[in-house]
Amino acid sequence: MRDSCQQFIDGQWRASDGGRDLDVVDPYRETVIAKLPAGNARDVDEAVRAAREALPAWRRLSGEARGRYLEGLADGLAERHAALCQTISLNGGKPLAESQLDVDDAIACYRYYADLARQLDARQGEPSAQPVAGVQIRRYFDPVGVVGLITPWNFPLVTAAWKIAPALAAGCCIVFKPSEVVPMPEQAIADIAQAIDLPRGVLNLVNGDGRGIGEALTQHTGIDKISFTGSNPTGETVMRVAATGIRNVSLELGGKSPIIVTEDADIAQAASLVMNGIFANAGQICSATSRLLVHQAVAEDLYAALSRHIDALVMGDPLDEATTLGPLVSDKQRTTVDRYLAFAKDEGLIPVREASHREIPRQGFFVAPTLFRDVPVESRLWREEIFGPVLCARQFASDDEAVAVANDSDYGLAASVVSGGHERASAIARHLTAGSIWTNIDQVAPPQAAWGGGKKSGIGRELGPEGLAAYQELKQVMAPADT
Ligand code: NDP
């Protein structure tokens, strides 16, 4: 692991004259593990210039050739698999088993878009599926141009792969800003780009915080599109800034996703799915199913099963393979979650598994896993994204009621349904307003399936063919039909 991150611009690692070092912290040991030299607007400017210079050649390259580079990025991640898992757990605090899934997901994403890049060659100039008498319509898929990619700290490598892979496949050049909170894993992608001789300027990485680098990137007029994943307030700022110059924007924002458990569900399976939906990554997941809606006939059974599972969670060193619940990513995030637990006290919420029942480790930014029952729909904890290991539950009497309460949210990112019958689960899913819905299955996010939501959860889709289209401009060339 690099002990100091620099800026990767125009194919070279460079020192910045930003003049400021940011601390990179291990959230379990609460120690500084690296210094992050924060870049400045000049670094962003140089990165954008490098990307613009690289664009004409990169966009003209065949999809086949771009696909080979994407395979190279996937291979590079695979070679570094074990080291990357250690880095993600050390810097981000998630248990090793979860870091392994992250690296696997990132690799799968680069391979998937390598494939779509290769398929792109045959699709260029395809006839329109909507024939018009006397007119020949051919479709071409041009890259959007130079894109600014901004990612958060909760899924390093993964959220980056969801943007970098389709952007490169489409023929875009990139200026990428990882989160200052968990920047260490992301440095690998620039190292690999250098190792596989990705043409200079195609992928640039600029380290620093949101204020310094994020703002400079979103404001830069040399950026044709911003793709952002993170919080709603920052997403609103990004969108506002992108309005200047009418620049394209994709936003993947927050969630307050429901999980519905019907009375015919297998309680052991339901408990497992509920646990994974909220306590994986200590609840720091945009699609965390943080609102549990359980049929009144089985509520007590499910609460009892969940209590047993919560008791069995092992809080400790994320690098220890026995750990199943790591610390939150930062002291700031712990403070945010603690504030919600204080609201819960003020609101008189009833914990099924009270924080005080679990002793939290003495070191690390831990919050005890907590389950509140009978949470009113007006509660802040029911309505707002907490981003921590806090589950709010309430009961329902009919499927219609469950759907209505589930949909009564500002967000529309994801949802889960656990039910004894597949048809019933599908019928409920059909009426839920969310981009991704899992029925009787864990939260899988394969690269083949589009990801994103409506309402305040964002704009646009990542992954799948839609994720590629997000980095393309459709061009239609029309001519007389007999040409
Ligand atoms: P932010 O939205 O602030 O950060 C996300 C990314 O945006 C980071 O790379 C950040 O940089 C960058 N950024 C910050 N300010 C700007 C700006 N003005 N212009 C451009 N980029 C900017 O999230 P936080 O890390 O502060 O987390 C706060 C809350 O957001 C969490 O408690 C959670 O509720 C939510 N969140 C949601 C996520 C999701 O996946 N939906 C992911 C992460 C957080 P830097 O971190 O380097 O300052």
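Trainee: How many salt bridges does the structure hold?

Mentor: A salt bridge is a side-chain nitrogen of Lys or Arg within 4 Å of a carboxyl oxygen of Asp or Glu. By that rule, the structure holds 31 salt bridges. This is a predicted model, in which local features need pLDDT of at least 70 and side-chain atom pairs count only at pLDDT 80 or more, while totals for chains, interfaces and linings use all residues. Residues are numbered from 1 along each chain as its sequence is written, and side-chain values use heavy atoms, with hydrogens and water left out.

Trainee: Which parts does the pair of Arg29 and Asp317 tie together?

Mentor: The side chains of Arg29 and Asp317 meet with 2.5 Å from N to O. Arg29 lies in the loop between strand 3 (20-26) and strand 4 (31-38), and Asp317 in the loop between helix 10 (299-312) and helix 11 (331-347), so the pair links parts that are 288 residues apart in sequence. Helices (H or I, at least four residues) and strands (E, at least two) are DSSP runs, numbered from the N terminus.

Trainee: Which domains does the assignment give for the protein chain?

Mentor: Domain bounds come from an automatic or database domain assignment. Here the assignment gives domain 1 (7-253 + 457-479) and domain 2 (258-439). Their centres, taken over C-alpha atoms, are 31 Å apart.

Trainee: How is the interface of domain 1 and domain 2 to be read?

Mentor: Contact means heavy atoms within 4.5 Å; on that basis 24 residues of domain 1 touch 28 residues of domain 2. Buried area is the accessible area (1.4 Å probe) that two parts lose on being put together, summed over both. For these domains it is about 2300 Å², with 58% on carbon and sulfur atoms. Tyr28, Trp153 and Ser457 supply 28% of the area that domain 1 buries against domain 2, more than any other three residues. The rule finds one salt bridge across this interface.

Trainee: Which residues come nearest to the ligand?

Mentor: A residue is near a molecule if one of its heavy atoms lies within 4 Å of it. Of the 26 residues around the ligand, Thr151, Trp153, Lys177, Glu180 and Ser231 come nearest. A side-chain N or O atom of Trp153 is 2.6 Å from an oxygen atom of the ligand, and a backbone N or O atom of Thr151 lies 2.8 Å from a ligand oxygen atom. For Leu253, a backbone N or O atom lies 2.8 Å from a nitrogen atom of the ligand.

Notes. A polar contact is a pair of N or O atoms within 3.5 Å; within protein, one must be able to donate a hydrogen and the other to accept it, and residues adjacent in sequence count only if both atoms are side-chain atoms.
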